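I opened the notebook to look up pockets and strand pairing. The entries follow in the order I made them.

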Amino acid sequence: MYKRFFKRLLDFLIALSVLIIASPILLIVFIFLGFANKGKVFFIQNRPGKNGQIFTIWKFKTMNDQKDAEGNLLPDEIRLTAAGKFVRKTSLDELPQLINVLNGDMSLVGPRPLLVSYLPLYNQQQKRRHEVRPGITGWAQVNGRNAISWSKKFEYDVWYVDNQSFSLDLKIILLTIKKVLKSDGISSDTSATMEVFTGNQ
């Protein structure tokens, strides 16, 4: 009953409440990034959701669009702005995804939505992460976030798919708050964000 009905209802009510309560913070971050990023406030990108259905994710923009001589984006650690570092450290960049939760594209808790280009790289077990709506936070995020390997991240994602419940979601939300306050796992060991997934070796 929780997975079929109450989870979606709670997602909607909580996302709406947080958006209303946090609206002053959202406005401040909007203005702050507007000046820091020369008017470019939002990061908008297509991501795969439940059953691999593509949707548009919204986040606050934390990196600039600097490119090399061949037109390729520079590494994340170079493009990450000073303002972006603060917004990422406090996880404020994730707040616009509450709109995705209201739309039904995402849940508060679930496997993080990754890049569309990763879809053909998953093995059969890893594909199971798309059996549920992706989340703003998830079991992998509270167990290492970007500081764990891809294989471990997918292992946690599939474990969540098989074990999701109200008590587990509540635990993940509480642990997420703790992680945000401690700024744990924001970066991997070799990247300012997370290394690109290149498939299973």
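Which residue in E2 stands opposite Asn 46? I looked it up in this predicted model and found Thr 56.

I then checked how the two strands run. E1 and E2 pair in the antiparallel sense, over seven bridges. They form a hairpin with five residues between the strands. In that hairpin I noted Asn 51, which takes a positive phi near 60°.

Next I turned to the largest pocket. I read its volume as about 1,600 Å³. I found 50 residues in its lining, and Lys 59, Arg 88, Asp 93, Glu 94 and Arg 112 are the ones that lie nearest the centre. Elements that give two or more residues to this lining include strand E1 (42-48), strand E2 (54-60) and helix H7 (166-182). H7 gives the largest share, five residues. Sorted by class, the lining of the largest pocket holds 24 nonpolar, ten polar and 16 charged residues.

I went on to the second largest pocket. I noted about 240 Å³ of space there. Which element gives the largest share of the lining of the second largest pocket? I found H1, with five residues. The lining includes Lys 3, Arg 4, Lys 7, Arg 8 and Asp 11, and also Lys 50, Glu 131 and Arg 133. By class I have two nonpolar, two polar and eight charged residues for this lining.

Note on methods
Residues numbered from 1 in each chain as written. Predicted model: local features only at pLDDT ≥ 70, side-chain atom pairs only at ≥ 80, totals over all residues. Heavy atoms only, no water. 1 Å grid on protein atoms, 1.4 Å probe; cavity = no way out; pocket = protein on both sides within 12 Å on 5 of 7 lines; lining within 4 Å. Points joined across faces, edges and corners; volume = space filled by probe spheres on them. Helix = DSSP H or I, 4+ residues; strand = E, 2+ residues; numbered from the N terminus. Nonpolar A, V, L, I, M, F, W, Y, C, P; charged D, E, K, R; others polar. Pairing = 2+ DSSP bridges.
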